[in-house]
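Please have the sequence and the 3D view open as you read.

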Amino acid sequence: MYDEPPSTALPAPCAQCREIKHKRYEAVRQGDRRRAEAMATAMGRHQRAAH
């Protein structure tokens, strides 16, 4: 148990991170730069508030 190396796997993103990320990817795919920028800002705010 204690002889095992620490895990290098990253934890899964939270549901809100996944939602914001999905919305940003969709905005980029559709060429909606304003919405993509808004989602990037939303992610930054979420990260500071929740993580």
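Let us begin with Cys14, which is partly exposed at a relative accessible area of 26%; here buried means under 20% relative accessible area, exposed over 50% and partly exposed in between, with a 1.4 Å probe and protein chains only. This is a predicted model, in which local features need pLDDT of at least 70 and side-chain atom pairs count only at pLDDT 80 or more, while totals for chains, interfaces and linings use all residues. Residues are numbered from 1 along each chain as its sequence is written, and side-chain values use heavy atoms, with hydrogens and water left out.

**The cysteine pair**

Which cysteine sulfur is closest to that of Cys14? The sulfur belongs to Cys17 and lies 3.6 Å away, too far for a bond. A disulfide is defined as a pair of cysteine sulfur atoms within 2.5 Å, and a search of the whole structure finds zero of them. Seen from the other partner, the closest cysteine sulfur to that of Cys17 is in Cys14. Cys17 is buried, with a relative accessible area of 5%, whereas Cys14 is partly exposed.

Both cysteines are in contact with His46, contact being heavy atoms within 4.5 Å. His46 is found in helix α2 and is buried, at a relative accessible area of 7%. Leaving aside neighbours within four places in sequence, the contacts of His46 also include Gln16, Ile20 and His51.

**The chain and helix α1**

Stepping back, the secondary structure of the chain comes to two helices and zero strands. These are DSSP runs numbered from the N terminus, with helices being H or I of at least four residues and strands being E of at least two. Of the 51 residues in the chain, 14% are buried. The accessible surface comes to about 4,700 Å², and carbon and sulfur atoms hold 53% of that area; the areas come from the Shrake-Rupley method with a 1.4 Å probe, and for residues only the protein chains shown count as cover.

Helix α1 has 16 residues and reaches 23 Å from its first C-alpha to its last, close to the 22 Å expected at 1.5 Å a residue. That expected span is 1.5 Å times one less than the number of residues in the helix.

Just after the helix, Gly31 takes a positive phi of about 80°.

**Salt bridges**

Now to the charged side chains. Side chains of opposite charge can pair when their charged atoms come close. A salt bridge is taken to be a side-chain nitrogen of Lys or Arg within 4 Å of a carboxyl oxygen of Asp or Glu, and by this rule the count comes to three.

| Salt bridge | Closest N to O distance |
|---|---|
| Glu19 and Lys23 | 3.1 Å |
| Glu37 and Arg33 | 3.0 Å |

Glu19 and Lys23 both lie in helix α1, residues 15-30, and are four residues apart, about one turn of the helix. Glu19 counts as partly exposed at 44% relative accessibility, and Lys23 counts as partly exposed at 31%. Arg29 and Glu26 are three residues apart in α1, separated by about one helical turn. In that pair, Arg29 is exposed with a relative accessible area of 61%, while Glu26 is partly exposed at 26%.

Glu37 and Arg33 both lie in helix α2, residues 33-50, four residues apart. Here Glu37 is partly exposed, with a relative accessible area of 43%, and Arg33 is exposed at 64% relative accessibility.

Lys23 and Ala38 are 15 residues apart in sequence and 9.8 Å apart in space, C-alpha to C-alpha.
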